[in-house]
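The sequence and structure are shown first.

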Amino acid sequence: MAGKITANIGFEKQIWDAACVLRGNIDASEYKSVVLGLIFLKYISRVYHL
């Protein structure tokens, strides 16, 4: 039997708003390069961890 999943939407909104404040006025193209770099580092970490 599947359990009921509940989420506190207020908490997620606070986290999202904090991330937006930390990001500041970075252009989308600059932010994209940061995120893609983090994704790449996570991929390399997983590949060499196994």
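Tyr43 is part of helix α2, which covers residues 28-49. The model is a predicted one. With a relative accessibility of 53%, Tyr43 is classed as exposed, because the exposed class begins over 50%. Tyr43 also belongs to a nonpolar surface patch, together with Val34, Leu38, Phe40, Leu41, Val47 and Tyr48. The accessible area of this patch comes to about 810 Å².

The chain contains two helices and zero strands. Helix α1 consists of 15 residues, 9-23, and should span 21 Å at 1.5 Å a residue. The C-alpha atoms at its ends are 21 Å apart, in agreement with that expectation. Just after α1, Gly24 adopts a positive phi of about 70°.

Helix α1 also holds a charged pair. Lys13 and Asp17 are four residues apart in this helix, about one turn. In an α-helix, residues three or four places apart point the same way, because there are 3.6 residues a turn. Lys13 and Asp17 form a salt bridge, with 3.1 Å between the closest N and O atoms. The count of salt bridges comes to one.

The relative accessible areas of the two partners are as follows.

| Residue | Relative accessible area | Class |
|---|---|---|
| Lys13 | 52% | exposed |
| Asp17 | 33% | partly exposed |

For the chain as a whole, 0% of the 50 residues count as buried. The chain exposes about 5,200 Å², of which carbon and sulfur atoms supply 66%.

Key: Residues are numbered from 1 along each chain as its sequence is written. This is a predicted model: local features need pLDDT of at least 70, side-chain atom pairs count only at pLDDT 80 or more; totals for chains, interfaces and linings use all residues. Side-chain values use heavy atoms; hydrogens and water are left out. Patches are made of residues with over 30% relative accessible area and no salt bridge: like charges are joined within 9 Å, nonpolar side chains (Val, Leu, Ile, Met, Phe, Trp, Tyr) within 5 Å. Accessible areas come from the Shrake-Rupley method with a 1.4 Å probe; for residues, only the protein chains shown count as cover. A salt bridge is a side-chain nitrogen of Lys or Arg within 4 Å of a carboxyl oxygen of Asp or Glu. Buried means under 20% relative accessible area, exposed over 50%, partly exposed in between (1.4 Å probe, protein chains only). The expected span of a helix is 1.5 Å times one less than its number of residues.
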